[in-house]
Amino acid sequence: MIRVSECLAKDFAHVRVDLYRLNDGQIKFGEMTFFLCYGVAKWSPPEADLKMGELFDLSELMAKVKKS
């Protein structure tokens, strides 16, 4: 399941991949979520939101965007 999640998430800077293993061993895909707390989290202090965002290295993603 980790390999499947890594494969699905490889092109995204941040994503949560939900997979489920059923009792019979089947693996089912649930969803890919791109925002914490539905994107409406209240950060305390508010500056923490900026600090967390600054941890993302988006340079590779921006290079891809510029090429297209």
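The radius of gyration, taken over C-alpha atoms, is 16 Å for the protein, whereas a compact globule of 68 residues would have a value near 11 Å; the globule rule is 2.2 Å times the number of residues to the power 0.38. The model is predicted, so that local features need pLDDT of at least 70 and side-chain atom pairs count only at pLDDT 80 or more, while totals for chains, interfaces and linings use all residues. Residues are numbered from 1 along each chain as its sequence is written, and side-chain values use heavy atoms, with hydrogens and water left out. Along its principal axes, the C-alpha trace spans about 45 × 35 × 15 Å.

Three helices and two strands are present, in the order α-β-β-α-α from the N terminus. Helices (H or I, at least four residues) and strands (E, at least two) are DSSP runs. Of the 68 residues, 12% count as buried, that is, under 20% relative accessible area with a 1.4 Å probe and protein chains only as cover; exposed means over 50%, and partly exposed lies in between.

Asp18 belongs to strand β1 (residues 16-21). Asp18 counts as buried because its relative accessible area is 13%. Beyond its neighbours within four places in sequence, Asp18 is in contact with Lys28, Phe29, Gly30 and Glu31, contact meaning heavy atoms within 4.5 Å.

Leu58 is located in the loop between α2 (47-54) and α3 (59-67). With a relative accessible area of 38%, Leu58 is partly exposed.
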